[in-house]
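Subject: Structure handover

Hello,

Here is the structure I promised you. Please open it next to this email and follow along.

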Amino acid sequence: MSASITWHGHANFQIFTPECSVIIDPFFLGNPSAVVNWNAAPAPDVVLVTHLHGDHVGDAVSLCVQHKSLLGAVVGAADKIKAAGVPEEQIINGIGFNIGGTVTVKGVNITMTEAFHTTDAGVPTGFIITLPDGFTIYHAGDTGIFATMAVWGELYPIDLALLPVGGVFTMDARQGALAAKMLRAKAVIPMHWGTFPVLAQDTRAFQAELAKTAPGCRFVDMKPGDCVSLPQYAPCAR
């Protein structure tokens with residue numbers, strides 16, 4: 001089994017390796033883009049939450065309780081999720097971790113980054129996820145563009161960036177393309193678009209901006225429910 005990634009719509013991604021399954025921002029219930037409900041998605045070993053908005057914390061509590069998954073979130077946000085029903089022993093470090101910190105679960109290294117947004121507790125974050133074979137994925141969370149993205153791109157070989165491009169609440173197409181350049185990302189999957197009418201409804205503007213700003217960065221075209229292999233980006237076998 002090779003590594004793969006599934007997009008469940010919005011900012012909800014599930015990463016699979018032979019050793020571990022990681023789901024990020026598991027927004028299923030109420031997500032008009034999701035093609036399955038949370039209880040039909042493959043069981044995750046780790047649930048990561050970038051920030052405490054409903055369309056990102058989503059069904060994290062239900063998944064953790066149902067599957068005994070570990071929960072990774074920033075200190076403060078982790079307390080809120082614990083109060084909502086996730087046992088303390090399932091929360092990484094019991095209290096979560098923090099920006100710049102790295103934790104390891106089943107050979108997967110998870111580094112927390114900053115994000116520029118709002119949240120209902122703690123602070124907004126992103127994650128840099130390094131798989132056992134070294135393949136590195138950056139999930140930006142909900143964010144505007146910020147200069148430190150260039151530092152993360154210098155520190156980590158970003159093979160794949162998951163970047164919000166829908167505008168209004170996050171980066172738009174132009175900002176997202178520059179973010180890909182700053183990160184030195186080899187490939188990008190756009191997210192946080194099309195879910196709600198207020199957001200950009202397609203990725204054509206982002207593709208055009210990416211071609212101008214970061215022509216060496218591969219655009220990976222995905223629809224909600226799609227799964228691609230890593231690093232080939234070929235459709236997963238059904």
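Start at lysine 223, which counts as exposed at 54% relative accessibility. Exposed means over 50% relative accessible area, buried means under 20%, and partly exposed lies in between (1.4 Å probe, protein chains only).

Before going on, note that this is a predicted model: local features need pLDDT of at least 70, side-chain atom pairs count only at pLDDT 80 or more, and totals for chains, interfaces and linings use all residues. Residues are numbered from 1 along each chain as its sequence is written, and side-chain values use heavy atoms, with hydrogens and water left out.

**Salt bridges**

Lysine 223 pairs with aspartate 226 in a salt bridge, with the closest N and O atoms 3.6 Å apart. The term means a side-chain nitrogen of Lys or Arg within 4 Å of a carboxyl oxygen of Asp or Glu. By that rule there are six salt bridges.

Another one joins aspartate 45 and lysine 106, at 2.9 Å from N to O. Aspartate 45 sits in the loop between β3 (21-24) and β4 (46-48), and lysine 106 in the loop between β6 (102-105) and β7 (108-114), so the pair ties together parts 61 residues apart in sequence. The helix and strand names come from DSSP runs, numbered from the N terminus: helices are H or I with at least four residues, strands are E with at least two. Aspartate 45 is partly exposed, at 26% relative accessible area.

Next, look at aspartate 159 and lysine 186. Their side chains meet in a salt bridge of 3.5 Å, N to O. This pair also links distant parts of the chain. Aspartate 159 is in the loop between α4 and β10, lysine 186 in the loop between α5 and β11 (187-191), and they are 27 residues apart. Is aspartate 159 buried or exposed? Aspartate 159 is buried, at 15%, while lysine 186 is partly exposed, at 45%.

**Helix α5**

Now find α5, residues 173-183. Its buried residues are Ala173, Gly176, Ala177, Ala179, Ala180, Met182 and Leu183. What covers them? The cover includes β9 (136-139), α4 (149-155), β10 (160-164) and α6 (204-213). Contact here means heavy atoms within 4.5 Å.

At the start of α5, a side-chain oxygen of aspartate 172 comes within 3.3 Å of the backbone nitrogen of arginine 174. Just after α5, arginine 184 takes a positive phi of about 60°.

**Cysteines**

How many disulfides are there? The count is one, a disulfide being a pair of cysteine sulfur atoms within 2.5 Å. Cysteine 227 and cysteine 236 form it, with their sulfur atoms 2.0 Å apart. The link is left-handed, with -65° about the S-S bond. Both of these cysteines are buried.

Cysteine 64 is in no disulfide. Its nearest cysteine sulfur belongs to cysteine 20, 13 Å away. Cysteine 64 is buried, at 0% relative accessible area. Cysteine 217 is in no disulfide either. For cysteine 217, the nearest cysteine sulfur is that of cysteine 236, 20 Å away. Cysteine 217 is buried too, at 8%.

**A surface patch**

Last stop: Val168, Phe169 and Val198 form a nonpolar patch on the surface, with about 300 Å² of accessible area together. Valine 168 lies in the loop between β10 and α5. At 59% relative accessibility, valine 168 is exposed. Patch residues have over 30% relative accessible area and no salt bridge; like charges are joined within 9 Å, and nonpolar side chains (Val, Leu, Ile, Met, Phe, Trp, Tyr) within 5 Å. Accessible areas come from the Shrake-Rupley method with a 1.4 Å probe; for residues, only the protein chains shown count as cover.

Best wishes

Terms used. Polar contact = N/O pair within 3.5 Å; in protein donor to acceptor, adjacent residues only side chain to side chain.
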